[in-house]
Amino acid sequence: MANIRQLDKRRKSVKNIRKITRTMELIATGRFKKAMDRAAAATDYTKRITAIVQDLANSGTEVSHPLLTAHEKIDSIDMLVLTANRGLCGGYNGSVVRAATARRAEIMQQIQNGEISVSGKRGISAMRYAGIPIEKTYTEFDDKPSFAAVARIADDLIERYITGKIDRVDVAYTKFVSVSKQVAVVETLLPFSSLAVPSAEKATGAGAASGTSAGTKDDYEFLPSASAILEEVVPASFRARLFKCFLDAAVSEQIARMVAMKSATENAGDIIKSLSRRYNRARQSKITQEIMEIIGGVEALG
Amino acid sequence: MSNDGKVHCVVVTPEKTELDTVCDSLVLPLFDGELGIQPGRAPMVGRLGFGILKIRTGTSVVEWFVDGGFVQVTREGVNILTDSLVKPSEIDRKQAESDLDRAMAIKSTTPETAALKERSLAQARAKVRLGS
């Protein structure tokens with residue numbers, strides 16, 4: 001008797017959970033689409049900046065900038081870890097934190113200096129739990145990271161790098177490869193390896209031609225000079241690159257949540273099915289038993 | 001650039017394409033002074049400063065605040081790459097003032113840090129000047 005009621009109760013609560021997870025999946029899907037649009041809109045800038053870099057390179061300017069040169073002696077390494085503010089997104093936060101702590105352990109074997117900055121509440125609590133001191137925390141980046149906020153972080157890093165306070169900057173984040181593949185990676189952003197922002201080449205495709213006007217080579221006039229433009233191009237593409245990391249992380253988070261919630265919904269459905277089966281069986285056997293009792297009673301009377 | 005008497009102007013920020021318009025002429029805040037662009041301008045790449053971008057169509061002039069970046073003039077049109085494009089009235093003056101204080105505090109001991117300080121100062125000053 002108690003068993004039947006218990007089964008029914010459990011089935012009801014699983015049904016409620018399924019409702020919640022299904023809603024979360026739908027929300028994540030909507031946010032993922034928006035995040036994808038934002039990421040797509042951002043490629044226009046990287047595309048055009050690559051075109052300018054191309055023009056500079058064609059003009060024979062020697063490419064040199066303090067952000068491009070690696071420091072001879074590496075004494076201090078900063079790391080930026082990008083995680084989500086909220087959980088319930090499968091292994092998303094865990095894998096970034098794992099990648100970051102592994103890299104930190106590597107760094108710590110060689111040098112003792114370096115700050116860790118973490119974005120996202122999940123990463124912050126995971127790092128605290130691991131006993132890793134955190135220098136700066138950011139929780140304002142959700143599914144819509146704003147460039148202004150990212151640029152502030154970038155400018156701060158540029159300043160620290162140029163003034164020689166730090167010799168390398170690593171960023172741990174989830175890289176968006178495709179809709180079905182995202183990987184947690186740790187990338188070295190400073191010294192800045194190449195001016196061409198990754199994926200710009202791939203994303204441009206046919207569109208790239210419009211910037212440099214297909215085939216015809218224009219002799220550009222540089223105002224005030226090619227080197228002065230280079231001075232600005234390098235930090236600008238670094239900022240764009242860091243912003244891309246944030247965008248990638250945001251898109252990947254929504255995908256991870258979508259996938260996690262989809263499987264949670266499916267799992268809830270399975271549990272409901274098996275609970276229903278057990279409930280029906282228990283109910284039926286109870287009915288059978290009662291009938292048997294009644295028949296037994298009638299027979300005894302007769 | 002096309003010679004039909006119009007300038008095709010595209011403003012792009014890292015977030016999105018802010019503006020895609022056709023106008024008669026425009027005035028850009030370059031790094032070291034203003035530059036006017038009319039249809040048929042020879043191809044160039046310029047470094048932008050922090051200031052007001054004026055876009056003229058007919059008799060109407062639209063003003064925007066440009067936060068550094070570059071301009072690329074091609075045969076097709078004018079591409080402006082900037083960190084942010086806002087109406088001058090939307091500039092956060094308080095934020096700009098604190099940025100100015102921060103920029104003042106940068107110690108310039110090497111040519112690189114001097115350049116950094118100069119840039120931050122120019123940015124903050126332009127925002128304080130134009131902000132409301």
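**View 1. Chain B as a whole, in a predicted model.** Of the 132 residues of chain B, 36% count as buried, a residue being buried if 20 or more other C-beta atoms, placed from the backbone, lie within 10 Å of its own, exposed if 12 or fewer do, and partly exposed in between. This is a predicted model, in which local features need pLDDT of at least 70 and side-chain atom pairs count only at pLDDT 80 or more, whereas totals for chains, interfaces and linings use all residues. Residues are numbered from 1 along each chain as its sequence is written, and chains are lettered from A and ligands numbered from 1 in the order in which they are written. Chain B holds 2 helices and 8 strands, where helices (H or I, at least four residues) and strands (E, at least two) are DSSP runs numbered from the N terminus. Along the sequence, these elements of chain B follow the pattern β-β-β-β-β-β-β-β-α-α. Taken along the principal axes, the C-alpha atoms of chain B fill a box of roughly 50 × 30 × 25 Å. Among the contacts in chain B with a separation of 6 or more, 51% come from residues 24 or more positions apart, two residues being in contact if their C-beta atoms, placed from the backbone, lie within 7 Å.

**View 2. The helix pair H1(B) and H2(B).** Helix H1 (residues 93–105) of chain B packs with helix H2 (residues 111–130) of chain B at an angle of about 155 degrees, and their axes are 8 Å apart; axes are lines fitted to C-alpha atoms, for helices over the stretch in contact, and angles run from 0 to 180 degrees between N-to-C directions. H1(B) and H2(B) are therefore roughly antiparallel to each other, in a scheme where angles under 35 degrees count as roughly parallel, over 145 as roughly antiparallel, 65 to 115 as roughly perpendicular and the rest as oblique. The crossing of H1(B) past H2(B) is left-handed, a term used if the near helix is turned anticlockwise from the far one by less than a right angle, with right-handed used if clockwise. Residues that make the contact include Leu100(B) and Ala103(B) of H1(B) together with Leu121(B) and Val128(B) of H2(B). The contact of H1(B) with H2(B) has 6 nonpolar, 1 polar and 6 charged residues, where Ala, Val, Leu, Ile, Met, Phe, Trp, Tyr, Cys and Pro count as nonpolar, Asp, Glu, Lys and Arg as charged, and the others, Gly among them, as polar.

**View 3. The open sheet of chain A.** In chain A, an open sheet of 5 strands has the order S3-S2-S1-S4-S5, with mixed pairing; two strands pair if DSSP finds at least two bridges between them. Strand S3 (136–138) and strand S5 (181–190) of chain A are the edge strands, each pairing on one side only. On average, and with direction ignored, neighbouring strands of this sheet are turned by 20 degrees against each other. Strand S2 (residues 116–119) of chain A pairs with S3(A) in the parallel sense over 3 bridges, and Ser117(A) stands opposite Lys136(A) in S3(A). H7(A) lies across strand S1 (77–82), strand S4 (168–178) and S5 of chain A, and runs at about 45 degrees to S4(A).

**View 4. H4(A) against H7(A).** Helix H4 (residues 147–162) of chain A and helix H7 (residues 226–301) of chain A have their axes 9 Å apart and pack at an angle of about 125 degrees. H4(A) and H7(A) are therefore oblique to each other, and their crossing is right-handed. Among the residues that make the contact are Phe147(A) and Ile158(A) of H4(A), with Arg239(A) and Phe243(A) of H7(A). The residues of this contact of H4(A) with H7(A) divide into 11 nonpolar, no polar and 1 charged.

**View 5. Where chain A touches chain B.** The contact takes 33 residues from chain A and 30 residues from chain B. On the side of chain A that touches chain B, two or more residues are given by each of helix H1 (2–58), H4, strand S6 (221–223) and H7 of chain A, and H1(A) supplies the largest share, 9 residues. This side of chain A divides into 20 nonpolar, 3 polar and 10 charged residues. S6(A) pairs in the parallel sense with strand S5 (residues 44–57) of chain B over 3 bridges, and Val45(B) in S5(B) is the bridge partner of Phe222(A).

**View 6. Asp44(A) and its surroundings.** Asp44(A) has its place in helix H1 of chain A, and counts as buried because it has 23 C-beta neighbours inside 10 Å. With its neighbours within four places in sequence left aside, Asp44(A) is in contact with Val12(B) and Thr17(B).
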